[in-house]
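Here is a short briefing for a first look at this structure. Keep the model in view while you read.

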Amino acid sequence: MAADSDPECEVFEITDFTTASEWERFISRVEEVLNDWKLIGSRVGKHPEKGEYTSGTWEETSQEINFADFKFSIAHHYLKQESAENDCRIEPEEDASPLGMQDLMSMNNDFPPRAHCLVRWYGLREFVVISPGANCEAIISESKCNLLLSSVSIALANTGCQVPLFVQIQQKWRRLYSGECQGPGARTDFEMVHLRKVPSQYNHLSGLLDIFKNKIGCTLTPMPPISIAIRFTYVLQDWQQCSWPQQPPDFDALLAGEVGGVEFGKLPFGACEDPISELHLSTTWPNLTEGIVVDNDVYSDLDPLQAPHWSVRVRKAENPQCLLGDFLMEFFKLCCRKETTEEILGKNSVEEDGKENSDITQALSKLTEPTAVPIHKLSVSNMVHSARKRIRRHRRIEESPLSNDVLNSILLYLFPDAALDKLDSGDVKFTQHSPGRNTQKDKDSEDYAFCNQLKSAPSDSLTYRLALCMCLVNIYHGGVRAVAHLWQEFVLEMRYRWENNCLIYGLAGGAPDLRCCLLHQKLQMLNCCIERKKARDDGKKTEGATERKRAGPEVVGPPVGSVEVSPGKSWDSWSDSEDEFFECLSDTDEMKEETEKTPNKSKAEGRLQPHGKLTLMNSHEPLYIPITQEPAPMTEDLLEEQSEVLAKLGTSAEGAQLRARMQSACLLSDMESFKAANPCCSLQDFVRWYSPRDYVEEEVTDEAGRTIVRGDLSARMKIPGNMWEEAWETAKATPARRQKRLFDDTKEAEKVLHYLVVQKPADLMRHLLPCVLHASFLKIKDEESTEDIPSVRKTIQQVTAQASKLLHQPSPDIKKLEDVINQMMSLEAVIARARSLKAKFGVAGPEKDDCEELERFVSCLLEEPEVSVIGAGRGPAGNIIHKLFVGSQRLADCSDEAALLSPMEEETAGVTDDKKAVVDFPAPAGREILLRTCVPRPAPYSKALPQRLFCVLTREEFRLAGAFSSDTSFF
């Protein structure tokens, strides 16, 4: 007793590892998973509605469990039903059959077209499957199979789970399952037979009925009726009697002859092969009994034309070759290349020829290098033209990727204004009406919004047309070499237009549109430079002519105020000259000269118009709005560079002051223009015009008692040493035309041209990719509008949103862009399938009276996995399907193809002839027979329970999937 009172003796807990085997641990783990998923006890649910297995949502939950060191995956598959939560609150009836047993007898979801194989074979709405892990070997030996089945049985009994539980055995490709379902006083065993060939005695309904009767072993007389559901599936693979709707493009017209804007302005569309490979017709007899139908080895009543229910599904060709998809993918592949233009076209095209340099990018540097070459040979125009000649001479030797005819056709499509008279090439008339000149109405249009969404370019712009040309050139005219050749010619054209003051056709005026792609912004920037240069040169010519008229013939020399131009000649004249070279005066020298010539400071200059009724504070003279310089246009990369420079100045006082000065260049210019236009002005006058909110007016009473309005600068304007005061003190009265330019168009144009020259083909393709995607989306939307496919419209919106998100990033993810292109290819394939089906079912035929019904039928074929045929074999769709099979059979049986041309009315008229009807269809590719009944088992006095046998008979497979229930209380 003393030992018993010892506290240490009370610890009697001993872990004995010998009592729990790996098998027991496995059973315990299965039980834990069933508990975690709340599959314990009886379950209540509503009866599945007709077709719910197809239209409903199936969900799956899985976990990994181990049997010793062998991994298994346990998965729970179930149909998500809307009222499942409410049904769970209802108390189940005592001794009610499990839902799995009830589903065995349900006839609402026989032969579901899209479901797990166990759902099709057993009609279950919920089940659990235990299968070997991903890298584990199959359970082949009989002893291991029995061990797993015993584990399942014990786990179900211990937990009271009424959900059917299956174990996958043998190789996975065989899809063999064994399982069990336990309920109160009943158990259902799921068994399966799988053979490669169909035994001859079981190749018909009568033989399968014998198997079923022998298995259930019912001794009752008469035996309860057996319900029979039969489905035969016929496959149509030969479409030769159907015309293919896709007209192949005329490739010869693209490779030879005249290539006009129609060809280069459009993208191809459609499949190069039939995207529908097979049509599967399923004829179903949903509810038969043993005595109604005869099907044995001698005779069969199962005529497909007499089947009460027809359903059709189509098998799609895997990855059909489509024209637009090929264009997109080949264009996208160029984005991943790394070669430069010189490496692609060969070094001879841009290397020296003798002692002369043909590199266009070095044209300006050659002007300043010490050289023995005469000055008149070193003009920019001369360098560019000699380089162009040399490039073309080398290409003639090495055979250019693009022929002259094709290249000229492309350039004429890109620059239609080039067809005008050369003397008028610099005129603005054609650019004012160019398609790129978007009005406000166009900007608000859907197309313009779509362009901004994709960060592309307007569909009537030069950039957009260039992208389409690059697509076609890449496919039809030599790939990347032709692309590099066209790009080089395009850059030469840009330089020619800059030097000759020719506005670029197809670009909107004004500053670069930051909502468009960077290449489009660069071309707009170059156009801005050309506009400024052209306006400046034209203005100087006009001003010079006016001054000479006023001064008379005796006055010789440059006119007063002719700034930024060399005396005697305009830029337009000296830049193309090969005889003389003039130096330009600097801005400082010209300003000094101007000061000496115009000593009267009070003279107003650069006035635009009076500013309403406002007068100057210090006098009663009107306040004039000055002529100011326009702010410098900028592209997004220049804005980013400027932001980085300003950010690097730091947060110190000196950095902040320097940042303010850099940002106030435009303010200083406007102040100088204002002072020149209003000689007696003050800072208050400038603020009243430039920033009215910073001039505060209030009503006050003067000494005489009158109410007057007085104004003063705002608080921020009165801060001592603020930027506005400093700028006002610094500003001199200088009109805009004599100020230093805020926007140096010459410098910016050369920067843009250099940017274009150094672009590799891959960089160019990345710049143009948004435009190509934009054009492709428009093409898909246009093609879809004629077919009216809801799923395509929905997918277009999703893919567009995805592409928009990617293209607005500074460096889009190439892999994700490839996914977008693949989705667009899928959309093209869907539209091609729709056209193929419409052609096969004669939807477009004007003689059809049932076009609307056939159109709905075709639309459903695209959207749904399986479509019922209204009227079965006697409906409009059924008649067409019957004709398709008859034509295919005649082609297979007759060696004379001319027989296909004979009319088919005779065949369709004799549908009552059994012998002829059988010939109309080939042997069924698959037969499915479902047998079920409810009989007492294993003894006559046992409870009547559901019995089911699903039979699959094909050329390569014979499968029997049986569910046999037995009474565990009365046996």
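Which cysteine sulfur is closest to the sulfur of cysteine 181, and how far away is it? The closest one belongs to cysteine 161, and the gap is 8.0 Å. A disulfide needs two cysteine sulfur atoms within 2.5 Å, so this distance is too far for a bond. The model is predicted. Its count of disulfides is zero.

**Overall build**
- The chain has 971 residues, and 46% of them count as buried.
- It contains 36 helices and 17 strands.
- Take the contacts in the chain with a separation of 6 or more: residues 24 or more positions apart account for 74% of them.
- The chain exposes about 50,300 Å². Carbon and sulfur atoms supply 51% of that area.

**Cysteines**
- A disulfide is a covalent bond between the sulfur atoms of two cysteines.
- Cysteine 181 is buried, at a relative accessible area of 1%.
- Cysteine 218 also counts as buried, because its relative accessibility is 16% and the cut-off is under 20%.

**Nonpolar cores**
- In soluble globular proteins, nonpolar side chains tend to be buried together.
- The largest nonpolar core holds 138 residues. Met470, Met494, Phe841, Ile881 and Leu931 touch the most other members.
- Helix H19, residues 462-476, gives this core its largest share, 11 residues.
- Phenylalanine 841 has contacts beyond its neighbours within four places in sequence. They are Leu279, Leu854, Phe857, Val858, Leu861, Ala877, Ile880 and Ile881.
- A second, separate core has 49 residues, including Val30, Trp121, Val163 and Leu165.

**Largest pocket**
- The largest pocket has about 1,000 Å³ of space.
- Its lining is made of 40 residues. Closest to the pocket centre are Thr233, His280, Ala925, Gly926 and Thr954.
- Several elements give two or more residues to the lining, among them helix H6 (117-122), helix H34 (876-893), strand E8 (276-289) and strand E15 (926-936).
- Strand E7 supplies the largest share of the lining, five residues.

**Serine 227**
- Serine 227 sits in strand E7.
- Is serine 227 buried or exposed? It counts as buried, at 16% relative accessibility.
- Leaving out residues up to four places away in sequence, serine 227 touches Met107, Asn287, Leu288, Leu930, Leu931 and Arg932.

**Alanine 186**
- Alanine 186 lies in strand E6, which covers residues 186-195.
- Its relative accessibility is 6%, so alanine 186 counts as buried.
- Alanine 186 and proline 98 are 88 residues apart in sequence. From C-alpha to C-alpha, they are 9.2 Å apart in space.
- Apart from neighbours within four places in sequence, alanine 186 is in contact with Met101, Cys181, Leu945, Ser966 and Thr968.

**Aspartate 670**
- Aspartate 670 is placed in helix H26, residues 665-677.
- At 6% relative accessibility, aspartate 670 counts as buried.
- Which residues does aspartate 670 touch, not counting those up to four places away in sequence? They are Thr628, Gln629, Phe686 and Tyr690.
- Glutamine 629 is 41 residues from aspartate 670 in sequence. The two are 7.4 Å apart in space, C-alpha to C-alpha.

Definitions and conventions
Residues numbered from 1 in each chain as written. Predicted model: local features only at pLDDT ≥ 70, side-chain atom pairs only at ≥ 80, totals over all residues. Heavy atoms only, no water. Buried < 20%, exposed > 50% of the residue type's maximum accessible area, 1.4 Å probe, protein only. Helix = DSSP H or I, 4+ residues; strand = E, 2+ residues; numbered from the N terminus. Contact = heavy atoms within 4.5 Å. Areas by Shrake-Rupley, 256 points an atom, 1.4 Å probe, with all protein chains shown as cover. Core = buried A, V, L, I, M, F, W, Y, C linked by side-chain atoms within 4.5 Å. 1 Å grid on protein atoms, 1.4 Å probe; cavity = no way out; pocket = protein on both sides within 12 Å on 5 of 7 lines; lining within 4 Å. Points joined across faces, edges and corners; volume = space filled by probe spheres on them.
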